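Trainee: Please take me through a close look at one part of this structure, and then go on to the side-chain pairs found elsewhere in it.

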Amino acid sequence: TVTTTSYDSLMVDDFDQTAENGDWVWYVQGSRFVADGYPKLQYFEGAPNSVKYLLKEGVVGKVLGVEFAFNRKGDNWVEIFPAKQDANGKYVPQNLPLKGDVDHVDVWVWGGGYSYNLDLLVRDADGRVHSLPMTKLSYVGWRNVKTTIPGWINQHSRFRSGAKTMQFVGFRIRTDPQAPVDIFTVYFDQFKYL
């Protein structure tokens, strides 16, 4: 017997539109010892060389940049996640449902040579949040980072209430306890899943 699998590549965000993605925006928050004025989130013109050929002629690509610094070494982190504003103007996390059976998630990430770890946060169909390691950002330049979704994560709910599918929660960048904590910048582009 021959078994075939059909894969679709679904774009979560190509970061070329700086306006809201439907009813959510990208937001960032830091841990307790984040330096004053940080973290910062901004869009910049640019794209990884391997992605530039995908852009329509005359279109300038954009990437999402996050800059942060901490006041001391330790177990520091920042989280980059989709959010929407509530009636009071406060940003509230907005989990994004992922369609189908997700094989893997991939994103282009520019690393700045620091010993920081990038993790993918997903919420399974039972409501539990899982932190999946993606890469160590100790390289310099762009890399296409791919993380396989393990089979033990329940992607579809058997219950009528709650989320029906697995959801994207956000990205978390964690510093190694001995790593420098001066200003660090990371960029994201072409965030999709298969």
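**A buried histidine and the pairs beyond**

Mentor: His104 counts as buried because its relative accessible area is 8%, under the 20% cut-off for that class. The model is predicted, and the values are computed from it. His104 belongs to strand S8, which covers residues 104-112. Its side chain makes a polar contact of 3.0 Å with the side chain of Asp103. Beyond its neighbours within four places in sequence, His104 is in contact with Lys146, Thr147, Thr148, Ile149, Tyr193 and Leu194.

Strand S8 also holds Trp110. Trp110 is partly exposed, at a relative accessible area of 25%. The whole structure has 19 aromatic pairs. One of them joins Trp110 and Tyr187 edge-to-face, with 5.5 Å between the centres and 70 degrees between the planes. Tyr187 lies in strand S13 (residues 184-193), so this pair ties together parts that are 77 residues apart in sequence. Elsewhere, one aromatic cluster is formed by Phe15, Trp24, Trp26, Phe168, Phe171, Phe188 and Phe191. A charged side chain meets a ring as well: Arg72 lies over the face of Phe33, 3.7 Å from the ring centre.

Now the charged pairs. Side chains of opposite charge can pair when their charged atoms come close. A search of the whole structure gives seven salt bridges. Among them is the one between Arg172 and Glu79, whose closest N and O atoms are 2.7 Å apart. This pair links distant parts of the chain, with Arg172 in strand S12 (residues 167-175) and Glu79 in strand S5 (residues 77-85), 93 residues apart. Glu79 is buried at 14% relative accessibility, whereas Arg172, at 22%, is partly exposed.

Arg128 takes part in two of the bridges described here, with Asp124 at 3.5 Å between the closest N and O atoms and with Asp126 at 3.4 Å, N to O. Asp124 is buried at 2% relative accessibility. Asp126 is partly exposed at 30%, and Arg128 is partly exposed at 47%. Through shared partners, the salt bridges join Asp124, Asp126 and Arg128 into one network.

Last, a residue with an exposed side: Asn49 counts as exposed because its relative accessibility is 64%, over the 50% cut-off. Asn49 lies in helix H1 (residues 49-52), and its side chain makes a polar contact of 3.3 Å with the side chain of Lys52. Asn49 and Trp142 are 93 residues apart in sequence, yet 8.5 Å apart in space, C-alpha to C-alpha.

Methods:
Residues are numbered from 1 along each chain as its sequence is written. This is a predicted model: local features need pLDDT of at least 70, side-chain atom pairs count only at pLDDT 80 or more; totals for chains, interfaces and linings use all residues. Side-chain values use heavy atoms; hydrogens and water are left out. Helices (H or I, at least four residues) and strands (E, at least two) are DSSP runs, numbered from the N terminus. Buried means under 20% relative accessible area, exposed over 50%, partly exposed in between (1.4 Å probe, protein chains only). A polar contact is a pair of N or O atoms within 3.5 Å; within protein, one must be able to donate a hydrogen and the other to accept it, and residues adjacent in sequence count only if both atoms are side-chain atoms. Contact means heavy atoms within 4.5 Å. Rings of Phe, Tyr and Trp (its six-membered ring) pair if their centres lie within 6.5 Å; planes under 30 degrees apart count as stacked, over 60 as edge-to-face and the rest as tilted. A charge sits over a ring if NZ of Lys or CZ of Arg is within 6 Å of the ring centre and within 35 degrees of the ring normal. A salt bridge is a side-chain nitrogen of Lys or Arg within 4 Å of a carboxyl oxygen of Asp or Glu.
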